[in-house]
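Please keep the sequence and the structure in view while reading.

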Amino acid sequence: MWPFRRNKYKKLNREDLVNSICELERQERTVEAEVFQKIKEIDALMDKGKKEKNRDLQLFYAKKISHLNEEKQVCMERGMYLLYNIRLMTKL
């Protein structure tokens with residue numbers, strides 16, 4: 001290791017760090033709300049699809065449900081990433 005290595009965290013201010021953590025927590029809450037909204041939409045479409053007799057509409061609902069599941073998965077991954085960043089910043 002180089003003995004004269006610079007500390008990359010030397011320029012961090014406590015206020016900036018706290019503001020960043022608050023911003024990430026706010027983003028995490030919005031992502032969480034999006035996930036719950038998508039779950040409700042999926043449940044509603046599942047109920048409609050079960051009641052529907054027309055095969056074409058059932059396929060439409062199935063495609064819409066699979067698309068919402070993919071979006072939900074992306075939102076969940078984003079939430080996990082935000083949670084990871086929040087934990088790292090609180091350690092600083």
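Rings of Phe, Tyr and Trp (its six-membered ring) pair if their centres lie within 6.5 Å; planes under 30 degrees apart count as stacked, over 60 as edge-to-face and the rest as tilted. By this criterion the structure holds one aromatic pair. Its members are Phe-60 and Tyr-61, whose ring centres are 5.9 Å apart and whose planes stand at 55 degrees, so the pair is classed as tilted. Phe-60 is partly exposed, at a relative accessible area of 49%, whereas Tyr-61 is buried at 15%. Here buried means under 20% relative accessible area, exposed means over 50%, and partly exposed lies in between (1.4 Å probe, protein chains only).

The model is predicted: local features need pLDDT of at least 70, side-chain atom pairs count only at pLDDT 80 or more, and totals for chains, interfaces and linings use all residues. Residues are numbered from 1 along each chain as its sequence is written, and side-chain values use heavy atoms, with hydrogens and water left out.

The secondary structure of the protein chain consists of two helices and zero strands; helices (H or I, at least four residues) and strands (E, at least two) are DSSP runs numbered from the N terminus. Helix α1, residues 14–51, contains 38 residues and spans 56 Å from its first C-alpha to its last, close to the 56 Å expected. That expected span is 1.5 Å times one less than the number of residues in the helix.

Which residues of α1 are buried? They are Leu-17, Ile-21, Leu-24, Glu-28, Val-31, Val-35, Lys-38, Ile-42, Leu-45 and Gly-49. These buried residues pack against α2 (55–91). Lys-38, in helix α1, is buried at 15% relative accessibility. Apart from its neighbours within four places in sequence, Lys-38 is in contact (heavy atoms within 4.5 Å) with Leu-68, Glu-71, Lys-72 and Cys-75. Over the protein chain, 76% of the contacts between residues at least 6 apart in sequence join residues at least 24 apart.

A nonpolar core is a set of buried Ala, Val, Leu, Ile, Met, Phe, Trp, Tyr and Cys residues joined through side-chain atoms within 4.5 Å. The largest such core has eight residues: Leu-17, Ile-21, Leu-24, Val-31, Val-35, Cys-75, Leu-82 and Ile-86. Both α1 and α2 supply at least two residues of this core, and the largest share, five residues, comes from α1. A second, separate core of five residues includes Ile-42, Leu-45, Ile-65 and Leu-68. Within the largest core, Leu-82 is in contact with Leu-24, Gln-27, Glu-28 and Val-31, leaving aside neighbours within four places in sequence.

His-67 belongs to helix α2 and is partly exposed, with a relative accessible area of 39%. The C-alpha atoms of His-67 and Ile-42 are separated by 9.7 Å, although these residues are 25 apart along the chain.

Two cysteines may also be examined: Cys-75 is buried at 11% relative accessible area, whereas Cys-22 is partly exposed at 42%. A search of the whole structure finds zero disulfides, a disulfide being a pair of cysteine sulfur atoms within 2.5 Å.

Of the 92 residues of the protein chain, 21% count as buried. The protein chain exposes about 8,200 Å², of which carbon and sulfur atoms supply 55%; accessible areas come from the Shrake-Rupley method with a 1.4 Å probe, and for residues only the protein chains shown count as cover.
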